[in-house]
Amino acid sequence: MARWVAGLDGCRGAWAGALIDLDDPGRWRCARFARVIDLLDGPEAPVRTGIDVPIGLPDRVGGGGRSADRAARALLGAGRASVFPVPPRAAVYAASYDAAKALSRAGSEPPFAPSIQCWNILPAVRAVDEVLRARSDLVARLHEVHPEVAFFRLNGDRRLSAGKKGPARAEGLSARRALLIAAGLPEAMVGSVPPPGVGADDHLDAMAALVTACDIAAGRAEPLPNAIERDSYGLPIVIWAPAHPPRPRPSP
């Protein structure tokens, strides 16, 4: 019986997805999904899915965001602004950016307001939160990951010298492809053309989420932080990282 795992990364109002069969790694596919539930309830029905979106929204947070945000930032080191501090639940559901800033300051200590970048991803955060609160059976199948955490771990806990955007983009994407292949993903998958509407960086980030999901399925992924908190709805507040040190995954 096939055991599918998947990775999801946000892309232009939808989700870049990458799926692989743990029992037959030669079986894989990449696709663009309009909604998270379209993958989870799709034909593969993956047993584990890593998704680059915050899961678990405390009613109150510290100045650096959730415990998971702080732990991921500590792993990556100073200056890794892509791990946004997630505001408290009330701010996530605010009707406007101004309201979100006010509610975040009221629900954080020391007070902080979400960045505009964080505000722009909150619709996706709300969508995933609503799915998990409506479908408790999905909590064990959908897990928060972070592509930058995954690539940092796959690179031996070292930062990649080139980014995914800007003048060094080609070098950065090439380095990430090499890490994904070294992690055991099929070369054909890693070198595949992104689905229509999916950028090359989102395509690879979905695969990084997939690698983390493989380790979650194998019970060897690392939780950040180690002591997992839960929000008032019982959702876990944790960002999962690949195993340390990285271990080869099954290859076709």
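Residues are classed here by relative accessible area as buried (under 20%), exposed (over 50%) or partly exposed (in between), with a 1.4 Å probe and protein chains only. The structure is a predicted model, in which local features need pLDDT of at least 70 and side-chain atom pairs count only at pLDDT 80 or more, while totals for chains, interfaces and linings use all residues. Residues are numbered from 1 along each chain as its sequence is written, and side-chain values use heavy atoms, with hydrogens and water left out.

Helices (H or I, at least four residues) and strands (E, at least two) are DSSP runs, numbered from the N terminus. Two strands are taken as paired if DSSP finds at least two bridges between them. Strands of a sheet pair through backbone hydrogen bonds, in either a parallel or an antiparallel sense. An open sheet of 5 strands, with mixed pairing, runs in the order β3-β2-β1-β4-β7. Its edge strands are β3 (24-33) and β7 (142-144), each of which pairs on one side only. On average, and with direction ignored, neighbouring strands of this sheet are turned by 20° against each other. Axes are lines fitted to C-alpha atoms, for helices over the stretch in contact, and angles run from 0 to 180 degrees between N-to-C directions. Helix α9 (residues 200-218) packs on the sheet and touches β1, β2 (14-21), β3, β4 and β7, contact being defined as heavy atoms within 4.5 Å. The direction of α9 makes about 145° with that of β1.

Strand β1 (residues 4-11) is mostly covered, with 7 of its 8 residues buried. β1 pairs with β2 in the antiparallel sense over 8 bridges, and with strand β4 (residues 48-51) in the parallel sense over 4 bridges. Leu-8 stands opposite Ile-51 in β4. β1 and β2 form a hairpin with 2 residues between them, and Arg-12 in the turn has a positive phi of about 40°.

Two residues illustrate the surroundings of these strands. Asp-9 lies in strand β1 and counts as buried because its relative accessibility is 3%. Not counting residues up to four places away in sequence, Asp-9 touches Ala-14, Trp-15, Ala-16, Asp-52, Pro-147, Asp-202, Asp-205 and Ala-206. Ile-20 lies in strand β2 and is buried, since its relative accessible area is 4%. Ile-20 and Trp-4 are 16 residues apart in sequence and 5.5 Å apart in space, C-alpha to C-alpha. With the residues up to four places away in sequence again left out, the contacts of Ile-20 include Trp-4, Trp-28, Leu-185, Met-189, Leu-210 and Cys-214.

Two packed helices are described by the angle between their axes and the distance between the axes. Helix α2 (residues 67-76) packs against helix α6 (residues 147-154) at an angle of about 35°, with the axes 10 Å apart. The crossing of α2 and α6 is left-handed; a crossing has this hand if the near helix is turned anticlockwise from the far one by less than a right angle, and is right-handed if clockwise. Ala-72, Leu-75 and Leu-76 in α2 meet Glu-148, Val-149, Phe-152 and Arg-153 in α6. The residues of this contact divide into 5 nonpolar, no polar and 2 charged, where Ala, Val, Leu, Ile, Met, Phe, Trp, Tyr, Cys and Pro count as nonpolar, Asp, Glu, Lys and Arg as charged, and the others, Gly among them, as polar.

A search of the whole structure finds 15 salt bridges, each a side-chain nitrogen of Lys or Arg within 4 Å of a carboxyl oxygen of Asp or Glu. Asp-69 and Arg-66 form one of these, at 2.8 Å from N to O, and both residues are buried. In another, the side chains of Asp-98 and Lys-101 meet at 3.6 Å, N to O. Both of these residues lie in helix α4 (residues 97-106), 3 residues apart, about one turn of the helix. Asp-98 counts as exposed at 56% relative accessibility, whereas Lys-101 counts as partly exposed at 22%. Asp-215 and Arg-220 are joined by a salt bridge of 2.6 Å, N to O. Asp-215 is buried, with a relative accessibility of 0%, and Arg-220 is partly exposed, with a relative accessible area of 24%. Salt bridges that share partners also join Arg-89, Asp-129, Arg-133 and Asp-231 into one network.
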